[in-house]
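Dear colleague,

I am handing over the structure below for your own work.

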Amino acid sequence: MAVKVETKLNASKLRADFPIFEQEVRGKPLAYLDSAVSSHKPRQVLDKLRTFYETSYANVHRGVYTLSELATAEYEGAREKVARFVNAPDPRELIFTHGATESINLVAYAWGLDNLGPGDVVVVTELEHHSNFVPWQYIAKRTGATFKAIPLDEHGELQLDSLEEIARAGIVKVVANNLVSNALGTINPVERLGEWAHEHGAIMVVDAAQAAPHHAIDVQQLGCDFLAFSSHKMCGPTSVGALWGRAELLEAMAPFNLGGHMIRSVKLEETTWGQLPYKFEAGTQPIAEAVGFGAAIDYVSDVGLNAIEQYERELLVYALERLADVPGFVGYGPAPDRRAGIVSFNIEGVHPHDVAQILDMDGVAIRAGHHCCQPLMAKLGVAATNRASFYLYTIPDEIDRLVEGLHKAHKLLA
Amino acid sequence: MNEFDQMYREVILDHYKNPRGHGELDDADAHAEGQNPLCGDEVSIFVVFDEDGDTIDEVKFSGRGCAISQAATSMLMEMVKGRSATEVATLPRDELLDEIGIPLSPVRLKCALLGLSTLKLALHKSKGTPLPEEWAGASGDLELK
């Protein structure tokens with residue numbers, strides 16, 4: 001069996017796979033530094049979507065005719081790819097959803113409503129994206145459970161010494177954490193948190209939306225109970241993502257969306273649920289998008305997750321070096337070896353919106369705002385930050401243009 | 001004028017760096033605060049009426065935010081001083097946007113209109129003038145009080 005050796009990543013070469021970079025922005029080449037919000041798509045994924053629609057598309061599973069068989073094979077083939085990508089023990093534990101947010105809501109509702117009550121504690125962190133904060137807060141309120149957030153220290157890392165105190169608030173039932181913070185890039189000690197969760201008989205839910213595109217995921221090694229991620233952040237189409245969950249938990253859970261396809265039999269008196277994974281895939285799924293997701297998994301796996309992570313870290317070190325020379329630069333987040341390729345910052349005296357606007361004038365795309373992390377922003381004492389983020393197609397020239405633009409912004413407005 | 005110069009054209013930069021009507025008024029007849037929680041732009045508007053209870057004698061704003069929100073509010077202060085509050089309560093937003101004079105994306109539009117929304121709320125609270133239909137009750141993402 002051939003062993004795949006991950007070669008060093010050649011971003012310029014990969015960039016040529018992405019048609020979007022042929023677009024000019026305000027007469028300038030696109031410098032896209034917002035992959036944390038969403039990634040661009042290579043021809044390989046776009047072609048797969050087109051080919052699927054043109055040659056094999058049909059609704060899946062129930063049809064007896066050939067096209068339906070072809071489509072089903074593609075759809076289930078994609079499921080197997082996605083399941084392998086996270087080293088799930090069994091593809092029937094891999095549920096296709098509309099994205100990480102839906103995946104987390106699924107667990108919060110279908111598991112949370114039946115398993116939480118007064119005296120129980122739901123634990124998130126101050127670093128969570130709203131999609132892994134708000135559902136838990138809401139379900140805690142609905143069920144009467146206590147809602148707690150592990151605080152951050154000044155380096156943007158979780159204060160694990162607060163766990164003892166949190167455990168005193170009641171019976172810890174669920175711990176939810178993002179493996180990589182979309183705002184600061186912090187790589188969180190999810191395995192450690194999972195161990196603590198299990199010590200207390202709680203489940204561990206991992207939001208891997210930001211991690212999965214940039215960092216090899218192994219659910220068995222992570223020791224988590226649920227893992228959520230999205231296709232669009234990893235070169236795949238929008239509207240599809242996945243929830244991996246332990247079979248015994250998924251089987252015990254109530255369904256989430258109900259209707260066609262997730263049933264075994266429907267009678268006036270009673271309806272019974274279908275088997276995993278279909279129990280959680282009601283109605284017509286984003287079939288083509290799931291197939292596109294599979295193609296994205298192929299693309300990203302070919303490049304190699306370790307190669308991607310390594311490359312982004314190099315870019316990060318380069319970026320931080322160059323950014324240190326920008327007057328008024330204030331960076332947030334931990335040291336480079338503790339984070340993914342994300343830089344959250346402010347330029348003193350210049351509002352983030354203005355920074356982002358001035359950069360846009362020169363074709364440089366970054367994000368300005370709260371990054372769906374208002375609790376984090378409150379902790380940092382700011383309303384908003386700027387954020388530059390990298391991916392397998394980012395080239396150093398884009399970072400240089402970012403730095404130039406920041407100098408300009410400071411000169412103009414500070 | 002290339003686009004860069006346009007967005008942050010001198011007039012806007014001038015209003016941003018030297019805002020007109022910046023400050024607060026004790027004993028204001030009308031007052032409101034507005035904030036865009038998405039980005040942290042905030043503005044407080046203070047109005048003092050003339051003896052007739054309608055003409056805007058003095059109007060000031062304080063707060064912090066992006067260049068567009070601050071410049072737009074500064075321009076607004078100049079525009080409404082000496083005018084009837086009843087008239088200003090229904091000031092079409094286009095009048096302010098024309099004054100700003102540059103095309104604005106939906107995101108920056110909110111920045112530009114924060115001051116106007118807050119001013120209209122101040123007048124509504126003090127004189128019962130109508131809130132515009134577009135956003136009676138809540139201006140989308142803005143927090144106004």
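A residue is called buried here if 20 or more other C-beta atoms lie within 10 Å of its own, exposed if 12 or fewer do, and partly exposed in between, with C-beta atoms placed from the backbone. Helices (H or I, at least four residues) and strands (E, at least two) are DSSP runs, numbered from the N terminus. This is a predicted model, in which local features need pLDDT of at least 70 and side-chain atom pairs count only at pLDDT 80 or more, while totals for chains, interfaces and linings use all residues. Residues are numbered from 1 along each chain as its sequence is written, and chains are lettered from A and ligands numbered from 1 in the order in which they are written.

With that in place, I begin with strand β14 (342–347) of chain A, of which six of its six residues are buried. Both of its faces are covered, with Ile342(A), Ser344(A) and Asn346(A) buried on one side and Val343(A), Phe345(A) and Ile347(A) buried on the other. As a general point, the side chains of a regular strand alternate between the two faces of the sheet.

β14(A) belongs to an open sheet of four strands, in the order β13-β14-β17-β16 (chain A), with antiparallel pairing; two strands count as paired if DSSP finds at least two bridges between them. The edge strands, each pairing on one side only, are β13 (329–332) and β16 (367–369) of chain A, and the twist averages 30° from one strand to the next. Axes, where angles are given, are lines fitted to C-alpha atoms (for helices over the stretch in contact), and angles run from 0 to 180 degrees between N-to-C directions. Four bridges join β14(A) to the antiparallel strand β17 (residues 385–389) of chain A, where Ile342(A) stands opposite Ser389(A). Helix α11(A) packs on the sheet, touching β13, β14 and β17 of chain A, and its direction makes about 10° with that of β14(A). β13(A) and β14(A) also pair in the antiparallel sense over four bridges, and there Phe329(A) stands opposite Ile347(A).

At the level of domains, whose bounds come from an automatic or database domain assignment, chain A is divided into domain 1 (11–32 + 305–413) and domain 2 (48–301). The centres of the two domains, taken over C-alpha atoms, are separated by 29 Å. Counting two residues as in contact if their C-beta atoms, placed from the backbone, lie within 7 Å, 21 residues of domain 1 of chain A are in contact with 23 residues of domain 2 of chain A. On the domain 1 side, α11 (305–323), β14 (342–347) and α13 (374–380) of chain A each supply at least two residues, and α11(A) gives the most, with five.

That side of domain 1 has ten nonpolar, five polar and six charged residues, where Ala, Val, Leu, Ile, Met, Phe, Trp, Tyr, Cys and Pro count as nonpolar, Asp, Glu, Lys and Arg as charged, and the others, Gly among them, as polar.

Turning to strand β10 (residues 241–245) of chain A, five of its five residues are buried, with Gly241(A), Leu243(A) and Gly245(A) on one side and Ala242(A) and Trp244(A) on the other. Strand β4 (residues 94–97) of chain A pairs with β10(A) in the antiparallel sense over four bridges, and the bridge partner of Leu94(A) in β10(A) is Trp244(A). Strand β9 (residues 226–230) of chain A is joined to β10(A) by five bridges, again antiparallel, and Phe229(A) has Ala242(A) as its bridge partner.

Finally, there is the contact between chains: 13 residues of chain A are in contact with eleven residues of chain B. The elements giving two or more residues to the chain A side are α12 (352–361) and α14 (396–413) of chain A, and the largest share, five residues, comes from α12(A). By class, the residues of this side divide into six nonpolar, five polar and two charged.

With best regards
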